[in-house]
Amino acid sequence: MGTDRGLLVFRTVLDTDGLLRDEKTAAWMEAAALALVPKRCRVAEPERFAARISVMELGPAQLSANVFAPFSCYRSPRLVRQSDPELYQLAVITTGRQGMEQAGHRTSLEPGEMIFYDSSRPFEASVGTDGRAGGSLLVQFPRELMPLPEKTVAPLCGSSLSASGIGHVFRQTLRALADTETDLTDRDRARLGTTIVDLAAAVVARQCEQTSALTPEARTEALYHEIVAFIRRHVDNPDLTPPAVAAAHCISTRTLHRIFQARGETVSGMIRGERINRCRRDLADPGLRAVPVGSVGARWGFPRASDFTRAFKAATGVTPTVYRARLLEQGS
């Protein structure tokens, strides 16, 4: 078989829904040790315990989507000595309140927050501290891939990381991967894994103000994703142009174009594409059929109706008026 075949996005390694009550806790501990790291756990209500772990292999990294009933766990120094995969782990909390203590830091986390920790250090963790199930998206990758020295990274273990800036980009990237239903090839996974590791390293570097310690490739990768996120947030602004984007990121327009050219893209093309996609969505919405076509264009950065019509037709092959009429006719 070839190595570039299509594969399912996530692989479920545990779902306690199909297990007998007495089997759930033991099965979960075994699956968690294999998919994550070995630890000792205590379940508040074994008879009601439920958990699901799904993993996505991304080249050098692994992304797992986890949902657990309330529990607490402890990774002791002895367990670290017995089994240490030597991984850095960065988790985005998706549901419930959770807690972590590592390297002298005790952190309480809410949905949307992120935490960084190290499999080579003992830790204590709790899920569902508010009595509800907790969920997370967890990225783990070999410690050797972190471009920052261990002495720089160590003080952050067990600490929450900023979810703004590159942290926001990282969080949104994980959520987009978790929501995708598109099959990925091995090559796709490897590329995504490298990107995820670069973004994770950029999040950590930004937290400890050591961005300059990243490799040039990692800095450029992180900057590219920050720029794309910026464009998507401001795509409704008609003044969003390459010079404006460059100025917002304190780089020259020439550097901006070079970053996109390396990916076979253009800044103007991305801005235009994002605007057209938003317009297509609104034109297809039956609830917005009373909104004039020109107003839809103006809402997404095309203040002149003629410019909107020309750009939309170039992208889709039909005018926005015809596009809307066809979709509404199909839905009637």
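**Close-up views of the predicted model**

Both Tyr-88 and Phe-116 are buried (under 20% relative accessible area, with exposed over 50% and partly exposed in between; 1.4 Å probe, protein chains only). The model is predicted, with local features requiring pLDDT of at least 70 and side-chain atom pairs pLDDT 80 or more, whereas totals for chains, interfaces and linings use all residues. Residues are numbered from 1 along each chain as its sequence is written, and side-chain values use heavy atoms, without hydrogens and water.

**View A. The open sheet has seven strands in the order β2-β4-β5-β12-β7-β10-β13, paired antiparallel.** Strands are DSSP runs of E, at least two residues, and helices runs of H or I, at least four, numbered from the N terminus; pairing requires at least two DSSP bridges. The edge strands, β2 (11-15) and β13 (159-161), each pair on one side only.

**View B. Strands β5 (residues 61-68) and β12 (residues 134-142) pair in the antiparallel sense over seven bridges.** Val-67 stands opposite Gly-135 in β12.

**View C. Trp-28 and Phe-49 form a tilted aromatic pair, 4.9 Å centre to centre with 50 degrees between the planes.** Rings of Phe, Tyr and Trp (its six-membered ring) pair with centres within 6.5 Å; planes under 30 degrees apart are stacked, over 60 edge-to-face and the rest tilted. Trp-28 lies in helix α1 and Phe-49 in the loop between β3 (40-43) and β4, 21 residues apart. Trp-28 counts as buried because its relative accessibility is 1%. Ring pairs link Trp-28, Phe-49, Phe-68 and Phe-71 into a cluster.

**View D. The charged end of Arg-263 sits over the ring of Tyr-224, 4.0 Å from its centre.** The criterion places CZ of Arg or NZ of Lys within 6 Å of the ring centre and within 35 degrees of the ring normal.
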